[in-house]
Amino acid sequence: MIVSNNYFTKVALFFENRRGLERGLLNKIAPMQPTPREAQLLERIEQQDKEIRLLRQKLDKVLRMLFGAKSEKLDPDQLLLLLQEEPEPGKSPEPVEAEAPRRSKVPSSPRERKPRLPEHLPVEETVLDPEPVKADPEAWRYIGEEVSEQLDYEPAKFIRRRLIRRKYVSRSDVDGVPVIAPLPPCLQERCIAAPGLIAQIVVGKYCDHLPLFRQEQIFATRHGVSLPRQSLTRWVGLAADWLKPIYDQIRTGVMGGGYVQVDETPIEYLDPGHGRTRLGYLWTCSRPGEDVFFDWQTSRAASCLDEVIHADFAGTLQSDGYGAYPAFAKTRGGAIMLAGCWAHVRRKFHEALEQSPGTAGWFLLQIAHLYQVEEQLRKRHAGPRLRAAERAWKSTPVQERIHRALIRLKTSRRHLPQSLMGRAIDYALAQWPTLGVWLEDGRIEIDNNLVENSIRPTAIGKKNWLFIGEAQAGQRGAIIYTIIESCRRRGIDPYAYLRDVLTRLPSMTNWQIKDVTPEAWARSKQRSPLQAAA
């Protein structure tokens with residue numbers, strides 16, 4: 001088949017005309033502007049897209065809080081991986097040869113093996129002889145023995161402690177007045193509960209987190225002792241009343257150091273007449289390295305701090321970013337300096353890690369450098385002067401680098417203010433005037449975690465007993481929690497301490513209270529073995 005050149009010419013002209021027509025149509029469509037209605041709809045769609053992203057971030061945060069890991073610890077290598085540059089699009093990463101596992105050349109220190117059974121426990125021996133030996137002992141000669149041990153347990157038991165006071169009359173004066181020994185001092189007249197029982201009830205509720213109704217059932221079903229819950233409640237209140245002088249002594253010691261960490265936790269309480277529970281707060285004040293005390297308030301307002309913090313207190317108050325603390329500090333006329341908490345700043349960036357892994361990972365890595373310096377100082381048991389000097393040349397440059405990055409991100413407006421990353425940046429900048437106090441004073445800790453750790457037992461307890469019976473009972477719980485937590489910090493068995501102190505308190509004066517605080521009690525127990533050895 002022969003095709004003429006005229007045919008190809010016509011086809012080329014056809015496609016040329018078609019391309020020209022398409023270019024003309026595009027030139028007419030391109031400069032067209034959307035109508036006001038279309039612009040309004042596009043703006044609404046963009047706003048809804050932003051709202052959907054924010055809601056997804058909030059939903060992811062809630063799911064992580066409910067089902068995710070609670071720890072904020074991250075491997076430094078993982079943070080470095082987040083900061084590495086991604087490969088170019090369409091380019092596969094270069095293969096990496098497998099590296100043989102490396103073994104450390106530094107010999108590990110031998111671990112001290114603990115005995116399988118504690119040596120301080122009493123021993124009950126049972127001798128087992130073969131039946132032929134039992135039948136004719138004289139025909140056998142003892143040549144040795146094999147010993148095997150087991151760890152056994154005997155449950156607690158109730159005891160009827162009976163005090164018998166004998167009456168006597170003089171043989172030389174038959175008509176004289178009989179003599180009888182006086183009753184020893186007790187917590188309450190005609191009270192059937194001895195100090196040991198009251199101590200067990202208090203420890204069961206505030207240390208082992210057993211509600212009183214559950215203790216009532218245990219006493220009745222396992223020991224056959226019926227103790228009404230109302231009696232248990234009265235005995236807990238009786239113990240709190242006797243322990244209040246020790247509580248006041250601990251509180252004075254905590255507030256006398258010029259540096260206090262403060263936090264608060266919500267606890268529901270019954271309010272008769274309203275048909276529902278109300279929310280009260282257990283305020284916690286801790287002195288690092290010393291004791292801690294709790295104070296009950298029915299509100300979270302800044303005015304509550306006037307009752308928690310003594311009027312004559314002057315020094316540093318370390319807390320989180322709650323607005324009540326700056327408002328309270330202003331009322332003291334400059335006598336109180338606020339110190340911030342880097343753990344709360346780190347928590348905000350940790351929440352934004354999935355949204356902005358590169359940016360949040362960089363901030364977490366810088367904050368990890370600050371904590372590495374503190375860990376090294378803690379291992380060296382550094383004092384305030386050494387801590388201040390080390391922080392000045394190791395931690396200050398890192399903190400200044402973080403501040404510059406925060407300012408740069410805030411001014412660039414790369415993140416929405418309501419996003420997790422935007423909130424983390426705003427929180428850090430709002431707290432920045434208080435986040436540098438720890439660099440200037442070697443006594444100040446980098447965060448508020450010590451006082452938060454003191455609150456954890458209360459969080460476990462309220463999951464079991466749910467609420468406080470009345471508003472006035474909140475302070476009794478604060479007193480007992482103070483004693484229990486102070487014993488924990490001193491490594492004291494709370495039951496042994498409470499039983500001994502509740503036995504001695506009725507015969508003591510106010511001047512002797514300082515001798516039975518957990519700190520003084522622990523020192524006396526440490527001296528007793530030394531005195532016995534001498």
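## Aromatic rings and their neighbours

Let's start with Tyr-322: its relative accessibility is 23%, so this residue counts as partly exposed. That follows because buried means under 20% and exposed means over 50%. Keep in mind that this is a predicted model. Counting ring pairs whose centres lie within 6.5 Å, you get 11 aromatic pairs.

- Trp-283 and Tyr-325 are both buried.

**Tyr-325 and Tyr-322**
- Tyr-325 also pairs with Tyr-322: the ring centres are 5.9 Å apart and the planes sit at 85°, so this pair is edge-to-face.
- The cut-off for edge-to-face is over 60 degrees, which is why 85° qualifies.
- Tyr-325 has 0% relative accessibility, so it counts as buried, whereas Tyr-322, at 23%, is partly exposed.

**A ring cluster**
- Elsewhere, Tyr-206, Phe-294 and Tyr-481 are joined into a cluster by ring pairs.

**Charges over rings**
- Lys-348 places its charged end over the ring of Tyr-427, 5.2 Å from the ring centre.
- Lys-205 lies over the face of Trp-465, and here the distance to the ring centre is 6.0 Å.

Methods
Residues are numbered from 1 along each chain as its sequence is written. This is a predicted model: local features need pLDDT of at least 70, side-chain atom pairs count only at pLDDT 80 or more; totals for chains, interfaces and linings use all residues. Side-chain values use heavy atoms; hydrogens and water are left out. Rings of Phe, Tyr and Trp (its six-membered ring) pair if their centres lie within 6.5 Å; planes under 30 degrees apart count as stacked, over 60 as edge-to-face and the rest as tilted. Buried means under 20% relative accessible area, exposed over 50%, partly exposed in between (1.4 Å probe, protein chains only). A charge sits over a ring if NZ of Lys or CZ of Arg is within 6 Å of the ring centre and within 35 degrees of the ring normal.
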